[in-house]
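These are my notebook entries on a single protein model. I record below what I looked up, entry by entry.

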Amino acid sequence: MLAKEIGLGTRIERAAARLEECRPRRISVGHLTSDGGRISRHFLLMAGIGFDAYVVHHVDGELKSRTGKFAYWVAGLRLLGRRLEEFHADIGGEKRPCSFALVSKVRNYGGDFEIARSVRLSDDQFEVVLFEGRHMARYLSHFAGMMLNRLGSMKGVAVLRADCVSLSDPQDRCVYVQIDGEFAGRLPAEIRIVPDALTLLTPPEYGDHG
């Protein structure tokens, strides 16, 4: 996902061939504290809470090794007929209800989609996309809005900017967290920007804007 995000593509040979033209760039990273402080980890691309983290947590490792992304779709089918857990995302002192929160530093999501569309690795803020709705039928309309680039104007979707997000479940249920596609605990959690944290080689055309 990182290579595709910065414009190096998905083929390792193509990315390696362009390394000499890449330039060092200082970027921020994200930091997650979850499980009430028991887990503390940095991440580069994104954190997902709720819907997509449930899928990550239930992916069959053996199926993933054989079929790749198909294993995630299989895990997602387990949500059919289930009610999603809603939780709170606290941004700037305002608590917002949601069943899926994406806290992202990149546009690319899972290699195939764009959910956060106005953020880059060079930014010192996350783009935060919050989705309401406890039924999977609601997510069919969210998916259509994503494909049509209309998420920001849809009812039940909020697109925000923040350098810190606190997440909690007032009913203390099991709400999962993932970072960069790996399971990373449960709520409560806090996600913060760590500025000027890492030097990354990027193509010259991967600038501040675009």
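**Entry 1**

I began at the hairpin of β1 and β2, where four residues lie between the strands and D35 takes a positive phi near 55°. The model is a predicted one, in which local features need pLDDT of at least 70, side-chain atom pairs count only at pLDDT 80 or more, and totals for chains, interfaces and linings use all residues. Residues are numbered from 1 along each chain as its sequence is written, and side-chain values use heavy atoms, with hydrogens and water left out.

Strands count as paired if DSSP finds at least two bridges between them. On that basis I found β1 and strand β2 (residues 39-43) running antiparallel and joined by five bridges. T33 has S40 of β2 as its bridge partner.

Within β14, T199 stands opposite R26.

**Entry 1: H31**

I turned to H31, which lies in strand β1 (residues 23-34). Is H31 buried or exposed? I noted it as buried because its relative accessibility is 19%, the limits being under 20% relative accessible area for buried, over 50% for exposed and partly exposed in between, with a 1.4 Å probe and protein chains only.

I next checked the side chain of H31 and found a polar contact of 2.8 Å with the side chain of S40. A polar contact is a pair of N or O atoms within 3.5 Å; within protein, one must be able to donate a hydrogen and the other to accept it, and residues adjacent in sequence count only if both atoms are side-chain atoms.

For contacts in general I used heavy atoms within 4.5 Å. With neighbours within four places in sequence set aside, H31 is in contact with S40, R41, H42 and F43, and also with E190, I191, R192 and V194.

**Entry 2: F126**

I looked up F126 in strand β9 (residues 126-131). F126 counts as buried because its relative accessibility is 0%. Not counting residues up to four places away in sequence, F126 touches a list of residues that includes G30, F43, I191 and R192. I also noted that the C-alpha atoms of F126 and M46 are separated by 8.7 Å, although the two residues are 80 apart along the chain.

K95 belongs to strand β5 (residues 94-98). I recorded K95 as exposed, since its relative accessible area is 53%. Apart from residues up to four places away in sequence, K95 touches H88, A89 and D90. Its C-alpha atom is separated by 9.6 Å from that of S168, 73 residues apart along the chain.

A15 lies in helix α2 (residues 12-17). I recorded A15 as buried, since its relative accessible area is 14%.

**Entry 3: backbone in the loops**

I looked for a cis peptide bond and found one joining L187 and P188, with omega of about 10°. P188 sits in the loop between β13 (182-186) and β14.

Which phi value does D172 take? It is near 55°, a positive value in a residue other than glycine. D172 lies in the loop between β11 (164-168) and β12 (176-179), and I noted D172 as exposed because its relative accessible area is 65%.

D180 also has a positive phi, near 50°. The loop between β12 and β13 holds D180, and I noted D180 as partly exposed because its relative accessibility is 27%.

**Entry 4: the protein overall**

The protein has six helices and 14 strands. Of its 210 residues, 45% are buried. Among contacts between residues at least 6 apart in sequence, 70% join residues at least 24 apart.

Methods:
Helix = DSSP H or I, 4+ residues; strand = E, 2+ residues; numbered from the N terminus.
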